[in-house]
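Let's go through a protein chain together, one question at a time. Have a look at it first.

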Amino acid sequence: MIKNFGKNSISVSVMKKFIRFVLNRLPRRHIQRAAHLVTPLVGVFYAGRGVECPVCGARYRKFMPYGYGEPRANALCPRCLSLERHRLMWLWLTRESDLFASNPRLLHFAPERCFIRLFTQALGDNYVTADLESPLASVKMDIQAIPFGEGEFDVILCNHILEHVADDRLAMSEMHRVMRSGGWGVMLSPVNPAREVTYEDPSITTPAARAAAFGQHDHMRDYGADYPDRLRAAGFTVDAVDYCSTLALDERRRFALRDETLYIVRKS
Ligand SMILES: [Zn+2]
């Protein structure tokens, strides 16, 4: 039998290698500045109508691959750079939350480019973006020492940050402090389904050792099933929402979603 090494399979493997190289070798701030200029051009090769991005409305044959290890197929929207978790969160925010009806004061850590314009349009000056380094953030801050007063924010979004932070418990209690009573947030982190208890070891410091121990060169821990317990210890109530499973199969395919638990926190 002759294996099919057609044009499509070669371009997929080249694209995966390219994505892996960019994510692992280039400084994150450069990627954040330039990725949105490059991916729409690459999107020409993905022309079609097989998938749809609910965040920006674009349609493609499929999405681009993405990932630090073996890039996963059908993940990244070439137009707005949404990933599966962003599309899932967007659907939850627009369908299940009052984010766009209540004009909340929103604190958004490490703001994802796909959301910034939409949140700015909807919330104006009530929308605050924050990060230690990202050129996309309006306020440079350390999440372990948030320079805002108690209860200043109605909503906090913090996705895939806490696994990068030295003292994640302090970061969680800081977010709890600046959230008002009755406020809520979405705080997503990658959780290893094979772990009951979070694995961390501050003596592991080199990128190679962190990649081996925690799954990515800039992660400081590998969260387990006790991740929401850490949020609870900071004072939040936590709902672990398997939102993807509530959606119809055709939507999960069309929006190219993955099962990823949404951790919805509230402050009483
Ligand atoms: Zn998009």
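This is a predicted model: local features need pLDDT of at least 70, side-chain atom pairs count only at pLDDT 80 or more; totals for chains, interfaces and linings use all residues.

Student: How far apart are the C-alpha centres of domain 1 and domain 2?
Tutor: The chain is assigned domain 1 (7-76) and domain 2 (84-266); such bounds come from an automatic or database domain assignment. Across the boundary, 19 residues of domain 1 are in contact with 21 residues of domain 2, where contact means heavy atoms within 4.5 Å. As for the C-alpha centres of the two domains, the separation is 23 Å.

Student: Which residues of the largest nonpolar core touch the most other members?
Tutor: A nonpolar core is a set of buried Ala, Val, Leu, Ile, Met, Phe, Trp, Tyr and Cys residues joined through side-chain atoms within 4.5 Å. Buried means under 20% relative accessible area, exposed means over 50%, and partly exposed is in between (1.4 Å probe, protein chains only). The largest core has 79 residues, and the ones touching the most other members are Leu107, Phe109, Met175 and Met187. This core draws at least three residues from each of domain 1 (7-76) and domain 2 (84-266).

Student: What is the strand order in the open sheet?
Tutor: Helices (H or I, at least four residues) and strands (E, at least two) are DSSP runs, numbered from the N terminus. Two strands pair if DSSP finds at least two bridges between them. With mixed pairing, the 7 strands of the open sheet run in the order β7-β6-β5-β8-β9-β13-β12. Its edge strands, each pairing on one side only, are β7 (139-140) and β12 (237-241).

Student: What angle does helix α3 make with β9?
Tutor: Helix α3 (residues 84-96) packs on the sheet and touches β8 (153-159), β9 (179-188) and β13 (262-266). Axes are lines fitted to C-alpha atoms, for helices over the stretch in contact, and angles run from 0 to 180 degrees between N-to-C directions. Between α3 and β9 that comes to about 150°.

Student: How wide an arc do the buried residues of α6 cover?
Tutor: In helix α6 (residues 207-214), the buried residues are Arg210, Ala213 and Phe214. The arc is that of the directions from the helix axis to the C-beta atoms. These three are on the same side of α6 because their arc is only 75°.

Student: Which exposed residues sit on the face of α6 turned away from its buried side?
Tutor: The buried residues of α6 have cover that includes β10 (199-200) and β11 (221-222). The face turned away from them carries Ala208 and Ala212.

Student: Is His219 buried or exposed?
Tutor: His219 is in the loop between α6 and β11. Leaving out residues up to four places away in sequence, His219 touches Glu163, His164, Pro190, Arg210 and Phe214. Its relative accessibility is 7%, so His219 counts as buried.

Student: What about Arg253, buried or exposed?
Tutor: Arg253 is in helix α8 (residues 249-254). Its relative accessible area is 59%, so Arg253 is exposed.

Key: Residues are numbered from 1 along each chain as its sequence is written. Side-chain values use heavy atoms; hydrogens and water are left out.
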